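Please go through the model shown below with the following notes at hand.

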Amino acid sequence: MNHFLFGACYYPEHWDRSWIQADAALMAQAHVNVVRMAEFAWTLMEPARDAFDFGLFKEAVASLKAQGIDSILCTPTATPPRWLTAEHPEWMRVDINDVPFTHGTRQHCCTNNPGFRAESRRITRAMAEAFKADAAVIGWQTDNELYCHVEECYCESCQVGFREWLALRYDQSIEKLNHAWGTLFWSQQYDDFDQVVIPKKWRQPAPCNPSALLDFRRFLSDSVTAFQREQVEILREVNPDWWITHNGVFYNIDYYKFAEDLDFLAVDVYPAFWGTKPEDFIGGSQLNERCRQATGTYIVPEQCGGPGGQIDFLQPTPEPGRMRLWAYQSIAHGADGMLHFRWRTCRYGAEIHWHGILDHDNVPRRRFEEFAQEGAELKKIGADILGTTKRVEVGISHSYEQDHAQGVLSFSRPQPDAQRELLLGTLMRQKVAVGYVNEADSYAGLKLLIVPSAIVMDAERAEKIEAFVSQGGVLLVTATSGQRDVNNHAIEQTPPGLLSRVLGITVEEFGKTEHRRMQLQGAGLEMDANYYEIIQCTDAEPLAHWHFEQNPQTEAAEGCVGLSCNEFGAGKAYYLGTFLNEASAMELMQRLCDVADVQPLGRSDTNVCIIERYAADRRLTFVLNNYPEPKEVTALACGQNILTDQSCDGTLQIEPFGVAVIRS
Amino acid sequence: MNHFLFGACYYPEHWDRSWIQADAALMAQAHVNVVRMAEFAWTLMEPARDAFDFGLFKEAVASLKAQGIDSILCTPTATPPRWLTAEHPEWMRVDINDVPFTHGTRQHCCTNNPGFRAESRRITRAMAEAFKADAAVIGWQTDNELYCHVEECYCESCQVGFREWLALRYDQSIEKLNHAWGTLFWSQQYDDFDQVVIPKKWRQPAPCNPSALLDFRRFLSDSVTAFQREQVEILREVNPDWWITHNGVFYNIDYYKFAEDLDFLAVDVYPAFWGTKPEDFIGGSQLNERCRQATGTYIVPEQCGGPGGQIDFLQPTPEPGRMRLWAYQSIAHGADGMLHFRWRTCRYGAEIHWHGILDHDNVPRRRFEEFAQEGAELKKIGADILGTTKRVEVGISHSYEQDHAQGVLSFSRPQPDAQRELLLGTLMRQKVAVGYVNEADSYAGLKLLIVPSAIVMDAERAEKIEAFVSQGGVLLVTATSGQRDVNNHAIEQTPPGLLSRVLGITVEEFGKTEHRRMQLQGAGLEMDANYYEIIQCTDAEPLAHWHFEQNPQTEAAEGCVGLSCNEFGAGKAYYLGTFLNEASAMELMQRLCDVADVQPLGRSDTNVCIIERYAADRRLTFVLNNYPEPKEVTALACGQNILTDQSCDGTLQIEPFGVAVIRS
Amino acid sequence: MNHFLFGACYYPEHWDRSWIQADAALMAQAHVNVVRMAEFAWTLMEPARDAFDFGLFKEAVASLKAQGIDSILCTPTATPPRWLTAEHPEWMRVDINDVPFTHGTRQHCCTNNPGFRAESRRITRAMAEAFKADAAVIGWQTDNELYCHVEECYCESCQVGFREWLALRYDQSIEKLNHAWGTLFWSQQYDDFDQVVIPKKWRQPAPCNPSALLDFRRFLSDSVTAFQREQVEILREVNPDWWITHNGVFYNIDYYKFAEDLDFLAVDVYPAFWGTKPEDFIGGSQLNERCRQATGTYIVPEQCGGPGGQIDFLQPTPEPGRMRLWAYQSIAHGADGMLHFRWRTCRYGAEIHWHGILDHDNVPRRRFEEFAQEGAELKKIGADILGTTKRVEVGISHSYEQDHAQGVLSFSRPQPDAQRELLLGTLMRQKVAVGYVNEADSYAGLKLLIVPSAIVMDAERAEKIEAFVSQGGVLLVTATSGQRDVNNHAIEQTPPGLLSRVLGITVEEFGKTEHRRMQLQGAGLEMDANYYEIIQCTDAEPLAHWHFEQNPQTEAAEGCVGLSCNEFGAGKAYYLGTFLNEASAMELMQRLCDVADVQPLGRSDTNVCIIERYAADRRLTFVLNNYPEPKEVTALACGQNILTDQSCDGTLQIEPFGVAVIRS
């Protein structure tokens, strides 16, 4: 990108065509330089089969460009027209009760249906060709929030697709599938791939085969990736200058792999889903990090433009200044583009109160003022931001594969993503440079790596972790790691199996307590827990032990090791045989940052965020005040607040919901 | 009616035929003058197709008449016979998962199925002809509690019926439907009516089109009204002397329109559904008012005869005196007939503990004594009651249309019907003459009109409201009013749109707070709220403003107007930009009654009810003690307690659960 | 049996065949004398139709026998192979939404399907023939935990089967069915059996016919009994020396009737489902008693071998010593065989953390030590145990028929099984010899009989109860007893109908209170209740009366009798017109034990259990310490602790989770 993108999602189709010019003019007033359009406008663009009409959007693109505003277009495949679903009712997604969905909302067609795939390619090509020569169109978004509502489908195409995917994965060998799924358990052996059906969790007499469930999750991710890839290939073929993105992120796509087909990933951010208390910033930060771990650089095609609501809920209203603060939160995490959803609140449909910048009556009010201020600021500082990257010294390992492997066999234990959220919040409150790092990505540059419950382990993963530590890194691995192979089978070795060498331990037993109060004590820690692993230190040093308040003599874990540290090469590898809670995370992270020599980027009250983006020639320190009161910030890098052009000597008074960007 | 109806629901088919005579004699002893029969006896009356046998009910009607007891008969269409459903399994209702219901309960046939409609007409005519000449049959009830269990059906007949209904509503123009439904949102446009399917809330990938949902609710109401009309027309044709009613009231029929085909509506009242604490009277009062708003005069075909229970629940037992108290509560609200459900508790079936007046063992116990006392009293005072109408000085606007428009897009905000219940309870506790008034009905005679969240506004409604105020009425309108058009679209104007003139305001912004404590302060009010509207007074006077306890400087609503009053013509129009809670309703209603010069009908403890019925020549003041202790009542109209023949000088000592009816 | 069975469930199919020998040797080390095998190995034994291969299990049986270990085999019908379900998708169970289950878990084929029945007989015969001459196979288990996941099925076979079962029950007379189901209610009459469909609770518009629901529950029990009987007949035919059992117990089979086809019933016991607090012992005791009431003698084919977990839950870990304690709990209740589930934790499938004795890594740890200790002890004392029977002086009447009759019409009242659990726990804490007694079984030997809510009464039941009392027994009957006939209809007589004579009372009225505090006072009792019956003493003596704290003057029950005692023949018959809670059960049971001269078997802290098994020549007193602390036990029978060979003078210090078995 050659400038920082700022704008809004725009729906000219919802309003009289005559409004476009005035809209464009008002946008320009707010320093908008880009809009996103057309993701739900298939029927409008193709009212009957092959009767394409791109006139409205042609006009919109042109009118906007006249005001200096570029356009991002979207393939409209989230909302196939009624003439299409009426022709092909068999293309609708089918729910877990074998009931097909009906027309009338979105995401109703199965993205694995070959017929629908052909339609997807057809509309993509038609649209691409129509805008091929239009320089105002700078990039594309594929579809819209794939899998945001539903990801599972039980239609015949999915059954067939799943079988084909399995045959490919298992080299056409049903024996390999039988082995991988452990079908000897409960006599589930298959004779050929045609016998396999999609597992239906909780809709079969007994619990499903967890390896089958895991493969189904992998299939869901891979198949929607393939669906998107077909669109990407067409767009690239028609005009190689376009960049292509998609707006995630949800829980059922491996975005790290999914984004390989894209120029960069994008993320829709509605922080009010998590609330408006100061500490609620963590939800939005986690969302940004889940996107950033995939492509590093990204944009936000939808950032909240007011409270959202759909039929049966309404989010709390962001106070004045909040929307802008939240926008800068995304930018601090790495966003290089910021579009608010949406220009004007729609007067009909299921999102009548999903607030846009303008209200139903088209009157600019406080949200418009705030939006325009943000536009002016980003115009001023956008060039400084572009080219910088978020600094990450503490990495939290992220992996969809680990999440799904745990998810299908959760045993109600804290899941990796919940642990990540806790760790991210804790470390952000400690003002250190923390971020998510995909487990398939490089660990270069990290001082401290935290691997929360990486239950699936293979040689490649283990060697990468070993290399990180042996080269001087500090590592923390938490409970349940290393216990399973890629088929989600328990390993034959004593856990943590492939991680035993780097950690210098074995895990002899694990279990849950219930009414009995248990603490992990030692090394300055006193943490309550209700899940324990009994560590045997083969090479590691024991750091903390399990203790029971009452009747310790009848407890198997009493006095056993629960936290260990192993010197390995030039680094240190810690293993924690339980899950952290808020208090213990704060203590342990403090300690590990000290060990790894990770310094805070500044000091302030708990929920003030300090995040750094940097390039070779500059550091930008974002200070974000999530409180409705002014706050004091100290120990910052010295430099200049490029929003206000005031110099900063490392100390700052920041207004309620205020933002500072210190360039140094 | 020429006398006040008193009696019970009677099921001679559940007992040996020989018991009828003894039953009739015992009824006569309790002063019963009417029974209701046959609503679930189709198979008995037509054991095989066209093999009619009305013998049992002929005998019952005759035996009862011999004791001076008239009969109300019912069309038995709630329980079609097994031979019919076995012939036509395709006539069964279909649930939202496309699964047909099975035989074995009631309401299993789809009332929109043309085949079943023909059967409904056939049995109605056969039954009507059979009793055509029987003078003891004085009236009819159509079907039984239509839509009490389920109203939605997804069968093919309903799909077709919905399309036909839509085509009629939208003048055969699919463009009009597309406009009304806002199908430009999410690319939902239809090319013709045959493409439309019934929206399935929560069973589609994403939230449904709210305008489609609203039309489906309208269709459900209109189509069941049409189903009933066919029966009504036959009954009127066969014997024009019969009156015809139906026993409601539930949430999915617009009874105001539904009742246009009837002589009057009826309502089944089981107050124990709401509990037996003194304050629980509000549930029963609301139910009565929901019936009264439709036809003014009404009867109660089923008033509780003991605790009810169905399979998995059992209501608390009414203490001695409660059943009679509850019966008078219905009468005070306007009932001109009172039948208890049911004569004798049935020994089998799903309502084995839906208690009748007599127990399974046919022994008359305390419930019979209470029933007989009530019978004796109504015999004595019935003539005084007949011809009187409930006095209503404070009207609470009622509208099924508003309820459904809000319901399909609720945003979890307090719904109009919940607001009505709160207001009714509050005003009844203030002992003023309050009642529901349908928004399509006349406002004549009202001093104060409260319009809770009338979100749908059109010129007719707005003009009626303006006329009421300009002629001197006092009006209160609450939050969200006037925000949508009849298609449930947000209006293009600044709200409250068509109500802006009479209220003298615009509403600039609205929102929800969450953890932040907010109060509306001013005009002697201090009310907590978590939903606000920011009022701009164009003509009105500001009365109260929003204030936040903490960090007011970061709140958009701080200091803004939340309550206003506009002098309009000879009246005053208040707008409250939030929803009332119990405390604030008490305060505000007190204030508005003062402004409107509405005087209480008497004074007593909180949950003692004082309700007036009047005619040109008399006022009947009903005093109802919902407490298990005696209560003092003062400031009553002077007159005579026609239950005891004691004179009343405006002060009364009323026994626990006691009733007084003062004629003045 | 000629020795006490001790062992584990063994799955040689989950591991390399070469492991069998080492497994057998390690088992022998732990004194294992029996394993159970093959219940989920159909596909392995018949990889394609009629291509039988019993090699693995032949080898396992032989290798185990070489170490002195016998085998119990199982018919593998809980997990039909994929080739079978692929051939016959129409044999799958169908859920209440008419959706067939899919392959991939267990219990997926309908046991009422004639085709699947034939397969069941075929595999049973093939397997039986294969092991016919193998002396190491001592017995069989049919299928596995029938109805543990689902019992209801709505497939066509079940519809047909239900009709046939009904036709048989009602002598081919649809009139009898109509009478029994009370089809006159809601016009449900059937013309022939082919019109009947399985009632779908909560999936029909209104509540189902409770008599139909009851018959459906009876059909479910009878039909699965018939399914099993076919297997039993084949096994007996092939080798009459084999004993045959089945591992229950769940809620939807009448095991008393079901077990008539077996040599004895068995029960799978996982006490951690109820938790690990001392008082949680009651769950496991109730489970054992539910098995014991069926056949007196029984075995435990699956006793917990560690915490269990399935996909989404994980039980708390039993502390060291707990597993052994729980095993003795089952033995004390009457088990003559004890197999732990399972030898080694499986590395794949849905029960990856359903812990076996060995972990995934095959390392013997503390669970193995505990298992081996138990094995050594049972080897030592097994002969003493065999031939003894649990002493029961206080019987708690058990009846699946009563449970189902109440269950289909529960009215949210405390159900009999919950009352039994409360009573069992209470009486076990009082250390008396208490047990469940099937209502169809003999009452001989009981001093005190408690009949909790026996709502269904007929002459046979009533006469048996009368005989028990007249011969000197003490009886307590609780609320709702005697109110219905075998069709679940309310009786025509005043309740308790057939029990009125022995109890000397009638019940005039019943009901629920809600917010009003009510107590039953008298005879030293002061029990809170919210359900009352008003007793009229015809012959009995009133013992306690209902009293209301507030406004007693408005309560029907105030001052009425709630507890009565009738001298009848040589005994006493108490009636309690409400349901017990924990406090009142303790008081009332103490009182009745005194009256019935029931003495405790010893004294100790609340949750220390003392249970006696006896034979003509010996008494074995089991003392079980459910506390994690040592406890003092006094007033025991004197004798010798056969676990330690120490003599016991009636006093004992028992270690945390300790067990003593005193022979006297």
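In chain C, strand β8 (residues 298-304) and strand β11 (residues 335-341) pair in the parallel sense over 4 bridges. Strands here are DSSP runs of E with at least two residues, helices are runs of H or I with at least four residues, and both are numbered from the N terminus. Two strands count as paired if DSSP finds at least two bridges between them. Within this pair, C:Gln303 stands opposite C:His340 in β11(C). The model is predicted: local features need pLDDT of at least 70, side-chain atom pairs count only at pLDDT 80 or more, and totals for chains, interfaces and linings use all residues. Residues are numbered from 1 along each chain as its sequence is written, while chains are lettered from A and ligands numbered from 1 in the order in which they are written.

The β8 and β11 strands of chain C belong to an open sheet of 9 strands with parallel pairing, in the order β5-β4-β3-β2-β1-β11-β8-β7-β6. At its edges stand β5 (243-245) and β6 (247-248) of chain C; each has a single partner strand, so one side of each is left without a neighbour in the sheet. In chain B, 9 strands form an open parallel sheet in the order β5-β4-β3-β2-β1-β11-β8-β7-β6. The edge positions in chain B are taken by β5 (243-245) and β6 (247-248), each with a single partner strand, so one side of each is left without a neighbour in the sheet. Another pair in chain B is β3 (residues 70-74) with β4 (residues 137-141), parallel over 4 bridges. There, B:Ile72 has B:Gly139 in β4(B) as its bridge partner.

Next comes the core. A nonpolar core is a set of buried Ala, Val, Leu, Ile, Met, Phe, Trp, Tyr and Cys residues joined through C-beta atoms within 7 Å. A residue is buried if 20 or more other C-beta atoms lie within 10 Å of its own, exposed if 12 or fewer, and partly exposed in between, with C-beta atoms placed from the backbone. The largest nonpolar core has 639 residues, and A:Leu475, A:Val623, B:Leu475, B:Val623 and C:Leu475 touch the most other members. Two residues are in contact if their C-beta atoms, placed from the backbone, lie within 7 Å. Leaving aside neighbours within four places in sequence, the contacts of B:Leu475 include B:Leu449, B:Val451, B:Phe468 and B:Tyr574.

How are the chains related? Two copies of a chain are related by a rotation about an axis and a shift along it. Superposition is by least squares on the C-alpha atoms of residues with pLDDT of at least 70 in both copies. Chain B is superposed on chain A, with an RMSD of 0.1 Å, by a rotation of 120° and a shift of 0.1 Å along the axis. That is the relation of a three-fold axis. Of the residues of chain B, B:Asn97 comes closest to the rotation axis, its C-alpha at 4.6 Å. The copies use different surfaces, as 2% of the contact residues of chain B recur in chain A.

The contact between chains B and A takes 46 residues from chain B and 57 residues from chain A. On the side of chain B that touches chain A, α8 (210-238) and β17 (505-512) of chain B each give two or more residues. The largest share of that side, 4 residues, comes from β17(B).

In the contact between chains C and B, 46 residues of chain C meet 57 residues of chain B. The side of chain C that touches chain B has 17 nonpolar, 20 polar and 9 charged residues. Here Ala, Val, Leu, Ile, Met, Phe, Trp, Tyr, Cys and Pro count as nonpolar, Asp, Glu, Lys and Arg as charged, and the others, Gly among them, as polar.

C:Thr494 lies in the loop between β16 (474-478) and α16 (500-503) of chain C. Not counting residues up to four places away in sequence, C:Thr494 touches B:Asp361, B:Val363, C:Thr506 and C:Val507. C:Thr494 counts as buried because it has 20 C-beta neighbours inside 10 Å.
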